[in-house]
Structures are given as structure tokens and as C-alpha cells.
Amino acid sequence: MPAVSKGDGMRGLAVFISDIRNCKSKEAEIKRINKELANIRSKFKGDKALDGYSKKKYVCKLLFIFLLGHDIDFGHMEAVNLLSSNRYTEKQIGYLFISVLVNSNSELIRLINNAIKNDLASRNPTFMGLALHCIANVGSREMAEAFAGEIPKILVAGDTMDSVKQSAALCLLRLYRTSPDLVPMGDWTSRVVHLLNDQHLGVVTAATSLITTLAQKNPEEFKTSVSLAVSRLSRIVTSASTDLQDYTYYFVPAPWLSVKLLRLLQCYPPPDPAVRGRLTECLETILNKAQEPPKSKKVQHSNAKNAVLFEAISLIIHHDSEPNLLVRACNQLGQFLQHRETNLRYLALESMCTLASSEFSHEAVKTHIETVINALKTERDVSVRQRAVDLLYAMCDRSNAQQIVAEMLSYLETADYSIREEIVLKVAILAEKYAVDYTWYVDTILNLIRIAGDYVSEEVWYRVIQIVINRDDVQGYAAKTVFEALQAPACHENLVKVGGYILGEFGNLIAGDPRSSPLIQFNLLHSKFHLCSVPTRALLLSTYIKFVNLFPEVKTTIQDVLRSDSQLKNADVELQQRAVEYLRLSTVASTDILATVLEEMPPFPERESSILAKLKKKKGPSTVTDLEEAKRERSADVNGGPEPAPASAASTPSPSADLLGLGAAPPAPAGPPPSSGGLLVDVFSDSPSAVAPLAPGSEDNFARFVCKNNGVLFENQLLQIGLKSEFRQNLGRMFIFYGNKTSTQFLNFTPTLICSDDLQTNLSLQTKPVDPTVDGGAQVQQVVNIECVSDFTEAPVLNIQFRYGGTFQNVSVKLPITLNKFFQPTEMASQDFFQRWKQLSSPQQEVQNIFKAKHPMDTEVTKAKIIGFGSALLEDVDPNPANFVGAGIIHTRTTQIGCLLRLEPNLQAQVRLLEERASYARAVFWLWCGMGPKWGRLRSSERCVPLCNLRCPADT
Amino acid sequence: MIGGLFIYNHKGEVLISRVYRDDIGRRQAVDSAVFSSSGPLLEERSQANRRNAVDAFRVNVIHARQQVRSPVTNIARTSFFHVKRSNIWLAAVTKQNVNAAMVFEFLYKMCDVMAAYFGKISEENIKNNFVLIYELLDEILDFGYPQNSETGALKTFITQQGIKSQHQTKEEQSQITSQVTGQIGWRREGIKYRRNELFLDVLESVNLLMSPQGQVLSAHVSGRVVMKSYLSGMPECKFGMNDKIVIEKQGKGTADETSKSGKQSIAIDDCTFHQCVRLSKFDSERSISFIPPDGEFELMRYRTTKDIILPFRVIPLVREVGRTKLEVKVVIKSNFKPSLLAQKIEVRIPTPLNTSGVQVICMKGKAKYKASENAIVWKIKRMAGMKESQISAEIELLPTNDKKKWARPPISMNFEVPFAPSGLKVRYLKVFEPKLNYSDHDVIKWVRYIGRSGIYETRC
């Protein structure tokens with residue numbers, strides 16, 4: 001509020017406020033307020049009209065009383081009257097009162113809206129400013145309804161003053177945030193983009209905020225903003241600090257605008273080369289500037305400079321395409337790692353975590369390992385240490401795993417309790433993932449249990465046992481190490497569990513040594529028995545009975561133990577039952593039977609590490625994804641983004657590659673070849689969207705899931721949907737995680753799955769209902785059981801409705817259940833393949849497709865994609881080594897469809913020929929849709945359908 | 001057991017803080033376990049804990065956003081019992097499960113003691129007498145257990161005239177000790193008056209809630225008998241009143257007396273006595289006999305709900321004329337003997353919250369619209385029995401956006417009348433002092449009845 005001029009002093013108000021301040025007690029205050037209210041009421045009631053000044057004064061008093069926490073139920077009318085005054089101060093107080101005290105009272109709202117409309121229509125910039133501020137401050141839906149159409153016009157009108165434009169942009173932003181559906185997109189959008197070129201930097205700043213928010217929702221419409229933003233940015237960055245006068249903050253030119261522009265650019269993939277060059281130049285300049293000596297000692301200077309720098313670095317990471325920049329960013333961050341300022345160290349570590357997952361800068365990040373380890377040891381702030389742990393985890397690979405794991409282990413001894421469990425999980429994962437030598441793995445995990453036994457969760461020791469059992473080479477070593485570890489006088493219960501299990505299985509491998517003879521092993525384990533909890537004791541009893549099998553010489557000793565009262569008559573039912581049954585088994589059964597019953601455990605089926613799942617669960621599915629996965633996702637993001645790749649100078653498709661000896665189909669049941677007439681349609685464009693328009697971006701995500709089972713399907717400001725799914729034959733199970741990203745509860749949270757009629761017959765889905773309320777920050781899980789009845793084309797739609805705050809939210813996304821999920825790889829030899837390939841030669845059974853590659857073909861990437869797609873990659877099958885060949889069977893409840901696939905890249909022309917043959921042409925076609933070539937044509941016997949509007953994750 | 005006692009001023013600043021037990025304010029048992037092992041820390045810790053408890057009460061009660069109405073507040077498993085005297089808050093704090101009635105009894109007693117020592121309880125007085133208050137607190141609470149809080153007894157050894165021990169002989173000291181620890185701790189021996197005199201006050205407050213049609217919705221009288229005695233020696237007193245049970249018992253003994261005694265007897269719902277009254281005798285014979293303390297004390301408290309004489313009747317008439325006007329007419333009628341005079345009569349008529357102006361006409365007394373209290377206050381100095389008076393007011397209203405209807409709070413009234421609305425009568429107070437040579441007849445006795453309004457409300 002500007003200082004009130006002398007003549008406008010409102011002495012009465014000042015006196016009233018000082019009276020209130022001087023009140024001795026609450027009662028006195030209430031009395032004074034009651035008196036004042038009565039006075040104002042009598043004044044308002046009075047027959048003679050009040051002049052503007054006193055109206056303003058009384059409205060001001062009411063406002064003050066309201067702000068003290070008392071109800072005000074009159075005076076609205078007077079405030080609205082003030083709105084139509086011509087004096088600035090009166091209008092201002094009127095607007096202030098309205099913004100603070102407005103409620104959705106029908107008649108008044110109409111009057112207020114009318115007043116605002118008049119002000120907006122007036123040519124007076126201050127009045128327009130006041131009106132816009134009021135709209136933004138109230139920001140209700142009613143306001144949006146009334147003015148959402150008008151404000152864009154003001155914003156782009158040629159004759160609007162700069163300050164008004166600024167207000168209008170921010171006001172529109174506010175309305176868009178509260179009710180995006182009410183803000184119409186129209187021709188004004190292109191003109192808003194041109195505001196980035198405005199002379200006035202204030203307007204540019206406001207417009208950038210607006211455009212950034214709008215662009216997140218409608219990236220296509222604001223695509224042109226990229227080049228404008230880049231040129232604006234380069235002008236700012238290259239300007240001398242004195243050029244921008246008012247917008248230079250402690251020698252940094254327009255830091256806020258720079259940060260906002262960089263944020264805007266993060267909504268888009270890297271721009272085309274011309275612009276990209278300029279952007280790279282900008283980013284380089286920013287990085288250069290960071291190297292310059294500071295122009296001022298003031299903290300504001302370095303804060304502003306670093307803010308721009310960090311935003312630039314996150315843009316570099318987002319683009320992930322310029323190795324040079326990434327490395328430079330990494331070096332810059334490396335300098336910050338040793339900076340005095342704790343916040344800088346924290347930010348540097350955090351940014352480095354993301355840098356580490358980029359393939360270009362991973363190596364560069366690794367050079368800072370010593371510094372990071374040092375930070376872990378000496379840092380005083382726990383949150384910074386936490387980041388250091390994260391970074392170590394992120395930068396870990398085969399080359400430095402041993403060092404990092406050792407460091408983390410030694411840090412674990414002194415680590416804060418709050419992060420211990422996480423470190424334990426991370427150590428366990430890294431040790432497993434990068435174990436070259438499994439003896440090292442076993443050592444590490446045993447160390448882990450020794451150091452932080454309490455924080456070692458069940459999953460960790462389960463995993464050790466799984467690995468030891470599955471690997472013959474490490475079993476003897478494990479038994480020996482465990483035996484040695486158990487000799488410590490006090491060892492953790494988890495160690496006893498691991499020890500019991502491993503000795504029970506592989507105790508015989510070390511029994512030859514007289515120092516670890518069967519009896520000594522048994523006595524060692526039994527000495528720990530009484531200190532353990534019931535589940536561990538139960539496990540030890542099983543170990544004993546295994547000993548009976550392994551070492552007949554200790555049988556009597558063990559039988560004595562089992563027979564003792566403390567076992568046979570144990571109060572715990574589980575222990576008692578085990579003791580009785582094992583005792584009986586050992587006495588009754590012959591050696592052969594014993595040997596069969598107590599045989600060594602069979603190897604566990606390989607599956608995703610349960611520890612990883614646990615770490616993910618601890619942090620939410622999205623934040624810690626597997627590194628590889630994150631990398632892949634990132635590359636998919638960049639490569640398959642909405643931006644069309646530049647058309648490469650392609651020559652005509654040369655008659656490609658050899659079509660030698662073609663194979664035959666896998667054992668496929670003879671199904672009648674379906675009529676494929678009307679089916680060749682774009683399956684994605686006519687998907688059933690009965691409930692709500694699909695959330696923007698969901699198509700992108702959907703396509704990404706074609707070759708992937710886990711990840712984030714959908715994310716906006718409120719909600720995050722993560723998926724984890726597994727498929728086996730014709731059955732599948734999908735875990736959907738709904739994460740509430742806000743701090744408020746979602747009410748009436750109802751996800752529903754919608755299938756078209758066609759789909760319903762072909763795909764059966766079963767879900768369990770979820771809890772209708774989702775707390776802020778919480779996550780709920782829903783399980784979907786899937787069965788593929790017959791082949792299908794469409795994907796089911798997941799529609800989610802919930803209430804957030806007062807507003808009703810409706811989100812629809814396609815669930816990535818595609819036919820290829822039921823694809824099981826089949827291995828076959830070269831001869832078989834081509835024999836079957838030949839058999840499937842009828843036109844209905846074949847689909848051929850030639851398309852241009854968007855990107856240089858990378859053998860490894862392509863291989864990964866074929867495997868991700870679900871088929872087996874058959875190596876050394878095709879005589880031409882450049883070709884890729886795959887085979888697999890699609891399982892449905894009714895049939896099994898064998899599919900063969902060949903990909904013949906033509907490297908010179910960057911053209912690929914993809915052929916598929918299957919027992920069903922239909923199936924083949926749908927597979928195609930799943931893989932979705934974007935710029936290809938599908939060649940089938942019936943018709944040629946252009947598939948240009950298919951979106952896909954990547955062009956295999 | 002009371003863990004501590006704090007006195008705050010209206011701003012929530014602590015004037016007096018006395019902690020009897022270390023448990024208050026301790027947040028976790030773990031803390032105490034950790035810190036009990038280390039000596040110097042413990043001191044610091046308990047200091048900090050005390051702060052916690054003190055601050056908790058200030059933040060949650062004194063400075064609470066909403067007015068705290070309950071006298072007992074539980075904050076972090078600690079109970080705070082408070083009473084408020086003008087602007088001063090007295091809060092007793094405990095962590096244990098105590099008898100709340102005991103704590104409040106103690107707090108009231110504490111107020112009485114302080115009032116007896118330095119008059120009105122005000123911030124000024126408390127600041128001026130804080131050494132004395134700590135002395136008193138040391139004496140009347142021991143490790144949180146209330147001790148002798150009889151003013152008379154306390155005054156023998158806690159004085160306000162500086163150090164007295166020089167003047168006090170050994171004998172005097174031992175006399176005090178034997179009195180305080182003896183059977184009759186409330187009276188010392190060897191009191192002598194030239195004029196044996198006693199004053200009896202029957203103080204009652206009458207509470208009423210009446211419907212607009214004049215139907216009594218609830219009514220009760222709570223009263224107390226206060227005695228001020230200036231008697232020599234160790235006199236044995238016997239107090240008699242028109243208690244229904246006693247009268248009927250006597251009636252059985254002498255049959256004809258019942259018919260003769262036209263005076264009413266009253267039914268007492270419940271009563272409590274000063275510690276000097278022999279309860280065993282009251283239980284068996286329902287007679288009230290005692291050796292009174294010297295000076296003023298409260299002999300008994302009682303409550304009645306039947307056959308209450310309502311000194312005033314309020315007849316309200318409220319008429320809403322359109323949305324912007326209200327007409328109020330209130331008639332009060334006095335309902336007692338014409339020879340008696342009621343005093344300090346005040347009628348408070350609440351006005352709606354959107355009142356913008358009031359015109360009042362009354363025939364007697366003075367009436368005024370008090371905006372700060374949202375009420376019309378009508379004051380009459382004196383009014384004889386069986387009279388009638390009326391006030392009429394026009395209230396102008398400001399139309400508001402609020403659709404809420406005015407809740408019409410009841411009209412309340414204050415007054416003082418020279419009789420006991422419960423109908424209680426003192427029949428006798430006999431004094432026997434066998435050792436000294438004065439008899440019952442030599443004692444000059446005074447009796448006074450005062451009936452005051454408690455919450456005396458009529459709905460309109």
C-alpha cells in the first residue's frame with residue numbers, strides 16, 4: 001500500500017488502531033471493537049449519504065477488524081461503491097476489501113464483476129492494474145468464468161501499457177492455475193509467445209511464467225517460444241551488466257528472467273540445429289561466467305549467479321545431448337562440491353546425481369568420487385550426507401563398485417540412524433549388481449549384517465541366500481565365511497539366520513576341516529539358539545534336521561536336543577510342531593528317505609531383486625528407478641519426443657538385403673486365418689475415450705511402455721501413476737501405484753478401468769477397489785489381474801476421478817496392456833527358423849514394412865528393443881550379420897500364435913525393412929502397431945495403410 | 001498431588017512460579033531416564049521443563065484463539081487447573097490423576113488466604129507481596145499435598161511485620177506448634193474479649209432461567225453462612241436453622257408444636273461445613289455444633305432447589321417490525337414484602353449484532369444502549385416490593401448479507417435483596433463456655449440476610 005498522503009490521513013483509523021493496540025485484555029479489545037462496529041453501523045445506516053473519504057475510512061476499519069479475526073457481515077455494499085469512485089485511494093481500499101472479504105454472494109458478485117469490467121475497459125492503466133490484481137487475488141472460479149476471455153485480449157492488445165500487460169499475464173497465469181478448463185486457447189497464444197520479444201523486461205518475465213505453465217499442458221501450441229526464448233536468453237547473457245539497468249541484480253543481468261527462460265526451455269527437447277547452436281553458446285557463456293571472479297562480495301550476487309547456473313545445468317541435463325556441456329557442467333559442480341556454502345554443496349550433489357545417469361557425463365562424474373567420499377565423511381549437515389550417499393549410488397559402476405561399497409560400509413558405522421536402512425539397501429543392491437566375484441559379495445553382505453544388523457531387512461538376507469544357492473562356485477566359500485563370522489561372541493540375529501541356513505545347506509562343504517567338524521558346527525549354532533527370537537529358532541531347527549541328513553554322526557546329539565523339554569514342550573506352537581515332526585522324521589525315516597526329503601534346495605528362479613523393489617517402495621516408484629531403466633527412459637524421452645527428427649537425406653530404398661532361406665513358424669495351432677478387411681485401421685486413434693479426454697502426454701508414455709513393464713505412466717502436479725507389471729504366458733498382473741504429490745487429501749478417489757465392448761471379450765481384467773481417500777504424500781496400490789482371452793488391438797483406459805481441495809479432478813490414461821506383453825520368446829536354430837519362415841508365406845500371414853530410421857542405428861539399442869518387445873533375439877540365424885531376427889509365441893487363453901520377425905537395416909540409406917510372419921496376419925499387424933513405426937508404410941497383402949499418425953517410443 | 005502452581009498476569013507473564021514436583025513439563029519418560037543419571041544437567045533440565053509447562057499454559061489457555069471455558073485443560077498429558085481473579089490467572093499443574101475438586105478447593109482457599117493477607121488480588125498487590133506469597137505457598141502446600149490453609153492459624157506464624165522471632169518467646173513458639181499440630185488447629189487458647197460478640201451473614205445467590213411465557217425452566221439457590229466471632233476462651237457453639245428434617249424430627253417429639261409452627265421449613269439439597277463442625281454429631285443428630293475459629297470464617301455452604309422465592313419477574317415483549325426495526329418492551333415486577341427494598345437493580349437487554357441505533361424510554365431509573373457490550377443496560381437504584389416498572393426501546397437494524405437469524409440471547413438481571421430467597425431462617429446460635437463465666441445471654445448476636453442474583457435470566 002503506498003503511503004497515504006497527508007490530506008488523506010484517516011486519523012480516525014489511526015486512533016482506532018492505537019486504541020486496539022493499547023487494550024489491556026482480550027475483553028477490552030472486544031468491547032472496543034463492538035463499540036466501533038456499532039458506530040460504523042449507525043454511520044452506514046444514517047440517512048445522509050457518506051462522502052467517499054468517510055466510506056473509505058469505515059471500510060478500512062472493517063477490514064482491520066476482520067483481519068483481527070472477527071466476523072464482518074456488512075459493509076460489502078459500501079466497498080463495492082468505493083470501486084466506482086474515481087480516486088485512486090478509494091478504489092484501492094475498495095478492491096482490497098473485496099479481495100480479502102469476498103464470498104460467493106450472488107448479487108454482490110455481479111456488482112463487483114461489473115465494476116471490474118468497467119475498470120478493465122477504462123483506459124486508465126492504474127485502474128486496470130487494480131482490477132487485474134483483484135481478479136488474481138480472488139482467483140476464484142467465478143472470476144475465471146467472468147474474465148478468462150477478456151484478459152488475453154488485454155494481454156495481446158497493441159496499445160496496452162507495459163505495466164498492465166505484466167499484470168494481465170500474471171493474472172491469466174493465476175486463473176489458468178485455478179481453472180485451466182476455463183481459459184480458452186486461441187489465436188492469442190501465438191501473440192503471447194511474441195511477448196518474449198517485448199522491449200520491457202518486466203513484461204517478458206511475466207509472460208515467461210505464463211508461457212512456461214501453458215507450455216507444460218500444450219507443448220505444441222507454444223513450440224515457437226523456444227527460438228524466441230533462446231534469442232532472448234542469449235541477449236541477456238551476452239549483455240553487459242549495465243545494459244539492463246533496472247533488471248540488473250547485483251551485477252547479474254535479469255537473473256529471474258534467465259531462470260524462467262531456462263525453465264521454459266526445459267519443457268521442450270533440444271531445438272533444431274540453428275537454434276541449438278545459439279543455445280549451446282548461451283549455456284557455455286553461463287558456464288564461463290561461473291568461472292569469472294565474482295564482481296561483488298555480496299551474497300546476493302553469488303546467489304543470483306548460481307541460481308542461473310544451476311538452472312542452466314538442469315537444462316543441460318534435461319537435453320542430455322551435448323557431451324561437451326555435460327562434462328563442463330560436471331566440472332563446474334565438482335568445484336562446488338568443495339564450496340564453503342552448504343547449500344551449494346547440497347545442490348551440486350543433487351544435480352550430480354542426475355548427471356551421473358547420463359551416459360555422456362557418467363565418466364566425468366566418476367572423477368569426483370574422492371571428493372564425494374570425503375563429503376560423506378566430513379560433512380556436518382545430514383541432508384548433504386544423504387545426497388552424497390545418493391550420488392555414490394548413482395555413480396557406481398563395475399569399475400568403482402568395490403571402492404564405493406567399501407566406503408559406504410565404513411560410513412555406515414557412523415551414519416545417522418535415519419538414513420541407515422537406505423544405505424543398507426543401497427549397499428546390498430550395489431554389491432549384488434556389480435559383483436564380479438561372488439566371494440566379495442558374500443563378504444560384503446556379512447559385513448553389512450555385522451555393522452548394521454538392525455537395519456538389514458528380511459529382503460537383504462533372503463537375497464544372499466538366493467544368490468548363494470544359485471551359484472555353485474560361492475557355496476563353499478560362503479559356508480566357510482559364515483562359520484567364521486558366527487564365531488564372534490556376539491553376532492546379530494540376521495547373521496544367525498544366514499549362518500543357519502547356509503550351514504544347513506552347505507555345511508558338508510567345510511566339514512572336512514577338523515576345525516569345523518560337524519559337531520563343532522552344530523555346537524556353534526546351538527550356542528546362539530537361546531538368544532534368538534522364535535522365527536530364527538524355527539529356522540535353526542530346520543538346520544538341525546538338515547544336519548541329521550548331512551552328518552549322520554551328529555544324529556544322536558541332535559535328537560537329544562530335539563527331545564529336550566524346551567523343544568518338545570515349547571510354548572510356541574511352531575517350535576513345538578517342528579521339534580516333534582523333525583524328531584519323528586529322524587527316528588523313523590531311513591537314510592534314503594531322509595536324503596530325499598532333506599535334499600539341497602533347488603536353485604531359485606531368477607527374478608528382480610526384492611531389495612530393489614524395497615528401495616523403490618521406500619522412495620516411491622519414480623524417484624529411484626533402476627539406473628539402467630532411468631537411462632533408457634531418458635534416451636527414449638529425447639529420441640522419441642514429440643519433435644519430429646530432421647529428415648535425413650535418404651536415398652531410395654535399395655532392394656534390401658538377402659531374403660535367403662526363410663524359416664517356419666513355431667508349433668502353432670491351426671487357426672482359421674481371420675478376415676483382416678476392416679481391421680487395418682489406426683488402432684490408436686480410435687481408442688475408446690468415453691469418459692474424459694486422455695491426459696496430454698499419456699500417449700507418449702503409453703508408447704514408452706510397449707517395450708517396458710515398469711515406470712511412471714502419468715504425472716501431473718497432483719498425481720503420479722506408477723506401474724509395475726509382470727506377464728507370464730497369457731496371464732499378467734499389474735500393480736498400479738497412485739501417488740498423491742500434494743499435501744492435501746484426495747477424496748472420493750475412484751479409479752475405473754474402461755474397456756470397449758470389443759476389448760472386453762478379448763481381454764479379461766479384474767481389479768480390487770482402492771481406498772477412496774488418499775492422504776497427502778501417500779501412495780496407494782491397486783492390483784489388476786489380466787488374462788488375454790484372444791488377440792486384441794485396443795488398450796484399456798484407466799479413468800481416475802477424485803476430489804482435490806474443492807475441485808473435481810478427472811484423469812484418463814491408457815493402460816499399456818498390449819498384445820506383445822503376452823509374447824514369450826522362443827529360441828530356435830537357424831534352420832528351423834527359415835523353414836518356418838517359408839511355411840508362413842501366405843499373404844495374410846505376412847506383414848512387411850519399410851521405414852526410415854530417425855536416428856543412427858545402434859546394434860545394441862536395437863537388440864535391446866527387440867528383446868524388450870518380447871521376442872527372443874536369435875543370433876547367428878540370419879546369414880547377414882547386420883540383420884536382426886526374432887521369434888516368439890503370443891499366448892492367449894484360446895490359442896497360441898507363433899511369430900517370427902526380421903529386421904534388415906540398410907545402413908547407407910538408413911532404411912529398415914521389417915518383416916513379420918505369424919500364423920495370424922492379424923496378430924502380426926497388431927504387433928506392428930505396438931512397435932509403431934512412425935514414418936513407415938505397412939505393406940500387407942490386402943491394403944496399404946499409411947501409419948503416419950502413429951506415435952511410438954522409438955523406431956526400432 | 002499438585003506438581004506446581006503458577007500465577008500469571010493478563011498478558012500471560014509469570015508473576016509467581018512454585019514447583020513442587022519435577023514431573024511437570026517433562027515431555028518424555030526417556031528424557032528423565034537419560035538425565036537423571038547426570039547431576040548438573042538435571043538441574044538445567046528441570047529448569048527447562050518448568051519453562052515448558054509455564055509456556056504451555058500461556059500459549060494454550062491465556063493466549064488461546066478461542067476463549068477457553070473449561071477450568072481444566074489437558075496439555076501434553078499434563079493437567080492445568082485454573083481460576084481467574086479479575087486479571088490474574090492462578091493455575092495449578094499436575095501430571096498425576098488428582099481429585100479436581102480438591103485442587104479447586106485449594107485454589108479458592110489460596111485466593112481467600114491471599115485476600116486475607118493483602119486484600120484484593122491484583123497484579124500490583126502480588127508483585128508487592130511476592131515474598132509473602134512464596135512463604136505462604138511453602139506453608140500451605142507440601143510436596144504438592146495441601147496443608148493447613150486456615151488464615152487464622154497461618155497468621156500466627158506468617159506475619160507481614162518483618163522478622164518477629166526476636167519478639168517471639170520460646171513459649172509462644174511452642175504454643176503455636178502445639179496449636180497447629182493439635183486437635184483444634186484453627187483456634188488458639190487464651191483468647192479474651194471484653195465484649196463477646198458474633199455476626200452471622202446468610203449470603204445467597206439465586207439462579208434462574210425462565211421461558212418468555214414465565215415458566216421456570218431451572219432455578220436454584222446456592223448459599224453460605226459466614227460467621228464472624230469475637231468470643232473469649234474455647235466456646236462451644238450450636239447453630240440451628242429451619243431445616244426440614246430437624247423440624248420434622250422435633251415435631252414428632254412434641255406433637256402439637258408442628259401445628260403451631262406456621263413458619264416454613266426448607267429442604268436443603270446438599271451442604272458442606274467448615275472443618276470445625278463436628279460431622280459425627282451432624283450425622284447422628286443433625287445438629288451443627290462447633291468451636292469457631294477466631295474472626296471470620298465460612299460456617300457452611302448449601303444449595304436448595306425447592307420453594308424458591310423469586311424476587312423479580314421479568315416480562316419481555318419483542319416485536320420485529322420489518323427487517324430494519326425491532327421493538328422491545330420489558331416489564332419487571334418485584335415479588336416480595338412491600339416493606340423491603342431491593343438494591344442495585346440492573347437489567348441487561350441484549351441487542352442484535354447489526355444494531356445501528358437505539359431509542360429508549362423508561363419510567364424509572366436510567367437506561368442506556370452500550371454499544372461495546374451489545375446491550376441496553378437499565379439501572380434502578382432502589383425498588384420496593386410488589387412494584388412494577390417498565391422500559392421500552394426501539395432498535396434500528398442495518399440490513400446485512402448474513403442470512404443467520406439473531407439468536408436472541410436471554411435478558412439477564414442483577415439485584416440485591418435483604419432476605420434469603422431460599423427461605424432459610426436462623427433459629428438459634430447458642431454459645432456455651434463452661435470454663436469462663438459468660439453465658440449465652442451475654443453474647444451479642446447479629447444476623448443479616450442478603451440475597452443476590454446469580455445467573456438470573458429470562459428468555460425473550
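I take buried to be under 20% relative accessible area, exposed over 50%, and partly exposed in between, with a 1.4 Å probe and protein chains only. With that scale I looked up Tyr230(B), which at 28% relative accessible area is partly exposed; Phe199(B), also at 28%, counts as partly exposed too.

I noted that this is a predicted model, in which local features need pLDDT of at least 70, side-chain atom pairs count only at pLDDT 80 or more, and totals for chains, interfaces and linings use all residues. Residues are numbered from 1 along each chain as written, chains are lettered from A and ligands numbered from 1 in the order written, and side-chain values use heavy atoms, without hydrogens and water.

Next I looked up ring pairs, where rings of Phe, Tyr and Trp (its six-membered ring) pair if their centres lie within 6.5 Å, with planes under 30 degrees apart counted as stacked, over 60 as edge-to-face and the rest as tilted. I found 27 aromatic pairs over all chains.

Last, I checked for charges over rings, which requires NZ of Lys or CZ of Arg within 6 Å of the ring centre and within 35 degrees of the ring normal. Lys91(A) lies over the face of Phe127(A), 4.4 Å from the ring centre, and the charged end of Arg21(B) sits over the ring of Phe143(B), at 3.9 Å from its centre.
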